[in-house]
Amino acid sequence: MGSLTVRPFSPAADEEPWDVFVRGHELGTPCHLRAWARVCTGVFGYKCQSLMAWRDGRVEGVLPLFLVDNPVLGKILLSSPFAVYGGTLAVGDEAAAA
């Protein structure tokens, strides 16, 4: 088995594999899907900082992240703004930790 690589999400290349992974994961929610990310970036202006874990050309984990400039907290990273579900989805401990 190859090594695990974590890299930033790229909208042009990664949207379909991201959503396929989320839909196939038992803990995947609508808040993990790219449609919710488009709402967060398009409507609220948050900057997408999402990460994906890959091994041998397969997605092994995703972490939705958004840079939010909050007047109270300052600049923070949030997994799912305005949603109660989010966080890491992974197929194993290594991908989750990465």
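**Close-up 1. Phe66 sits in strand E5, which covers residues 66-70.** In this predicted model, Phe66 is buried, with a relative accessible area of 1%; that is counted as buried because the value falls under 20%. Let's see what surrounds this side chain. Leaving aside residues up to four places away in sequence, Phe66 touches Ala37, Cys40, Thr41, Tyr46, Lys47, Cys48, Gln49, Ile76, Leu77, Leu78, Ser79 and Pro81. For a distance to check on screen, take Ser79: its C-alpha atom is separated from that of Phe66 by 6.2 Å, although the two residues are 13 apart along the chain.

**Close-up 2. Strand E5 pairs with strand E2 and with strand E6.** Strand E2 (residues 47-48) and E5 are antiparallel and share two bridges. Here Cys48 stands opposite Phe66. Strand E6, residues 74-78, is also antiparallel to E5, and five bridges join the two. In this pairing the residue opposite Phe66 is Leu78.

**Close-up 3. Four strands form an open sheet in the order E1-E3-E4-E7.** The pairing in this sheet is antiparallel. E1 (5-8) and E7 (89-90) are the edge strands; each has a single partner strand, so one side of each lacks a neighbour in the sheet. Helix H1, residues 11-24, packs on the sheet and touches E1, E3, E4 (58-63) and E7. If you compare directions, H1 makes about 85 degrees with E4.

**Close-up 4. Strand E1 meets strand E3 (residues 51-55) through four bridges.** The two strands run antiparallel, and Thr5 stands opposite Trp54 of E3.

**Close-up 5. The largest nonpolar core has 10 residues.** Its members are Phe9, Trp18, Phe21, Val22, Leu33, Met52, Trp54, Val59, Val62 and Leu89. At least two residues of this core come from each of H1, E3 and E4. H1 gives the largest share, with three residues. Apart from this core lies another one, of five residues, including Ala37, Cys40, Phe66 and Val68. That brings us back to Phe66, the buried residue of the opening view.

Technical notes. Residues numbered from 1 in each chain as written. Predicted model: local features only at pLDDT ≥ 70, side-chain atom pairs only at ≥ 80, totals over all residues. Heavy atoms only, no water. Pairing = 2+ DSSP bridges. Contact = heavy atoms within 4.5 Å. Axes fitted to C-alpha atoms, helices over the stretch in contact; angles between N-to-C directions. Core = buried A, V, L, I, M, F, W, Y, C linked by side-chain atoms within 4.5 Å. Buried < 20%, exposed > 50% of the residue type's maximum accessible area, 1.4 Å probe, protein only.
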